[in-house]
Amino acid sequence: MTEIRKGYVRPLDLKHGCVDMSHGSGGRAMAQLIEELFAKHLGNEYLAQGNDGAVMPMPPGRLVMATDSHVVSPLFFPGGDIGCLSVHGTINDIAVMGATPLYLAAGFILEEGFPLADLARLVESMAHAAKEAGVPIVTGDTKVVEAGKGDGVFITTTGVGVVADGEDFSGARARPGDRIIVSGSIGDHGMAIMAQRESLGFSAPIVSDTAALHGLIAAMRKSGAAIHVLRDPTRGGVATTLNEIARQSGVGMMLQEAALPVNPEVAAACEFLGLDPLYVANEGKLLAIVAAQDCAVLLATMQAHPLGLRSSVIGTVQEDPHYFVQMTTGFGGRRIVDWLTGEQLPRIC
Amino acid sequence: MKYIDEFRDGELAKGLAVAIAQAADPARRYHFMEFCGGHTHAISRYGVTDLLPPNVRMIHGPGCPVCVLPIGRIDMAIRLALEAGVTLCTYGDTLRVPASDGLSLLKAKARGGDIRMVYSSADAVSIAQQNPEKQVVFFAIGFETTTPPTAVAIKQAQALGLKNFSVLCCHVLTPAAITNILESPEVRQWGTVPLDGFIGPAHVSTVIGSRPYEFFAEEFRKPVVIAGFEPLDVMQAVLMLIKQVNEGRAVVENEFSRAVTRDGNIKAQNLVSEIFELRQSFEWRGLNEVPYSALRIRKEFAEFDAERRFDIPYKTVPDNKACECGAILRGVKRPQDCKIFGTVCTPENPVGSCMVSSEGACAAHYTFGRFKDIAVVSE
């Protein structure tokens with residue numbers, strides 16, 4: 001038998017190369033991209049199986065599954081990038097169900113012409129985030145669209161986790177008298193993105209809060225406090241998330257404006273643009289609704305965790321047939337904190 | 001935030017609330033119109049009315065630039081984007097205002113119109129610079145506050161020799177609108193709209209000064225207090241108005257002395273008059289045609305006037321019959337008096353313009369204050 005010489009394959013040009021249509025065609029170029037970029041950084045035993053799907057062991061419990069698409073622009077921003085954001089986002093969606101996140105899958109839609117150097121940075125960032133969180137990316141998919149039909153890169157991540165029997169953190173469990181806790185300053189992620197966007201042309205030192213919250217949540221569950229609802233207030237901000245919970249649970253809420261933790265630079269940027277931090281997205285914060293008698297225990301647990309240092313009680317759940325979320329303003333009046341309408345648009349005058 | 005939080009201090013507000021309650025004569029009622037949407041927004045967002053005695057009522061005025069923009073003007077902007085194929089630059093508020101054929105600028109954008117939200121008129125000039133092959137039109141709306149920046153943009157475009165930049169000028173004038181309200185039969189003849197005084201505009205007054213209001217105080221015997229847009233400013237102004245009413249005075253007082261002078265910003269005024277001139281008449285939503293109430297671009301700057309550059313005649317479009325925006329803008333009705341408020345007309349699907357901008361009387365009441373109506377009903 002003659003020995004076949006292995007052909008020379010020019011390695012990917014990660015400095016100056018760009019994504020082209022062949023990277024999504026299913027041929028050698030795609031195999032090379034997966035091998036030299038994705039597998040290299042994300043490598044783990046399940047991904048190494050090299051099949052169309054991954055086969056993993058599953059601990060006992062009920063399965064929780066969540067998916068999240070990421071289309072953020074700019075792709076890189078102070079405090080993170082679309083890569084780590086896509087890992088954190090799905091882990092958080094699973095964790096707020098009270099589940100332990102186990103595995104992630106990632107789908108990439110790449111735009112023709114996207115620099116491979118940027119792609120490598122994003123994949124490294126994902127790998128780092130997944131490793132830090134202890135949740136491996138076990139399978140994935142890559143598609144390429146023609147130039148002008150995407151926005152650089154879109155990433156969809158899907159995750160699975162398990163939740164023990166008896167743990168139930170549905171949004172429908174808020175009860176009158178419960179306390180509402182937020183795990184830290186609000187509006188950081190959204191304002192970090194806004195400040196970066198070209199059209200704004202002002203640079204505020206605002207850093208995104210993107211982080212995986214399952215560690216904090218594990219500590220909270222261990223505290224034994226009767227947590228009724230957990231949610232991460234991402235798009236639409238704290239206001240929208242609380243309105244969702246109020247409707248699901250059939251209750252009202254009363255917030256105290258003075259108790260809301262807002263970083264001064266975020267408050268200033270919001271003021272400048274006519275936005276309200278209550279409606280600005282977070283990527284590393286959670287809202288917990290807890291029975292009143294356990295509030296102190298839970299708050300202390302959260303404040304002892306690095307991701308919950310600035311946790312504070314921001315309001316209470318109350319009976320309200322109209323499911324209004326209201327707020328006592330710092331000024332002494334009352335107002336509704338309503339659903340977000342459309343996109344938050346700046347006021348002009 | 002330094003210099004902002006001081007004007008939102010809850011403790012000072014309590015003190016002012018006591019002073020207002022003491023000053024207000026329980027035997028009478030006080031009706032004050034805050035002209036500006038900025039005040040409407042502050043009153044609703046901070047819950048200022050909760051700190052006022054029940055016999056002091058605030059009436060929301062027409063000073064919301066988006067709310068007074070007639071449908072016909074938005075139609076012009078949409079036609080520019082969809083038919084003339086221009087890049088239309090607009091302030092964010094304007095995007096959702098309902099126009100003819102179920103369209104809005106936002107929907108026109110979804111249909112392929114190149115419509116971009118900008119934060120300042122200068123951004124529109126930059127877009128024109130960067131896209132020399134496209135015609136770029138800045139949809140200029142607003143009162144005297146936003147007029148000088150539009151003037152600056154036109155001057156800049158001229159200095160840069162831009163041939164692809166023009167302005168769809170819809171700038172309107174505050175004093176003309178106040179006169180229109182004061183001369184309306186509801187106020188002057190029939191007295192069905194009781195009006196005891198005005199909270200005068202904050203930002204507008206930094207440009208035009210406090211002098212233009214002196215005429216109203218004298219001619220119509222209505223006190224005017226110019227106030228800043230922070231909630232303590234509003235409360236202080238209410239106190240000053242109550243005192244004027246009690247003492248039978250009707251003069252212009254300036255609460256916003258940290259920014260407003262009697263003469264205003266002369267430099268800005270000169271720039272505006274260099275580039276703009278009065279229109280004989282302009283249609284306002286709610287107030288109909290108001291003589292000499294708006295600006296247009298002077299002949300000398302005709303090349304920057306989108307109305308001259310493109311063939312887009314103005315066509316009046318009547319408001320939805322059920323919509324009470326007109327009456328609400330004149331202070332004749334309150335948002336909750338409108339049949340479609342909160343049912344057919346919501347911030348998600350605004351029928352009238354007052355439901356669009358957060359400065360609009362209906363949107364402010366819906367978003368921040370509607371729980372108060374329900375409480376009254378259920379008690």
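This is a predicted model: local features need pLDDT of at least 70, side-chain atom pairs count only at pLDDT 80 or more; totals for chains, interfaces and linings use all residues.

User: In chain B, where is confidence lowest, and where is it highest?

Analyst: The score pLDDT is the predictor's confidence in each residue, from 0 to 100. Helices (H or I, at least four residues) and strands (E, at least two) are DSSP runs, numbered from the N terminus. In chain B, helix H16 (residues 371-378) has the lowest confidence, with a mean of 54, and strand E6 (residues 165-171) the highest, at 98. The mean for chain B is 92, and 98% of its residues reach 70 or more. For the complex, the predictor gives an ipTM of 0.80 and a pTM of 0.86.

User: How many helices and strands does chain A have, and what is its radius of gyration?

Analyst: Chain A has eight helices and 13 strands. The radius of gyration is taken over C-alpha atoms, and the globule rule is 2.2 Å times the number of residues to the power 0.38. For chain A the radius is 22 Å, close to the 20 Å that the rule gives for 349 residues, so chain A is as compact as a globular protein of that length.

User: How many residues of chain A are in contact with chain B?

Analyst: Two residues are in contact if their C-beta atoms, placed from the backbone, lie within 7 Å. Here 25 residues of chain A are in contact with 39 residues of chain B. On the side of chain A that touches chain B, H7(A) gives the most, with four residues.

User: In what order do the strands of the open sheet in chain B lie?

Analyst: Two strands pair if DSSP finds at least two bridges between them. In chain B, five strands form an open sheet in the order E2-E1-E7-E8-E9, with parallel pairing. Strand E2 (56-63) and strand E9 (252-254) of chain B stand at the edges, each with a single partner strand, so one side of each is left without a neighbour in the sheet. Within the sheet, three bridges join strand E1 (residues 30-36) of chain B to strand E7 (residues 197-200) of chain B. In E7(B), B:Phe198 is the bridge partner of B:Met33.

Notes
Residues are numbered from 1 along each chain as its sequence is written. Chains are lettered from A and ligands numbered from 1 in the order in which they are written.
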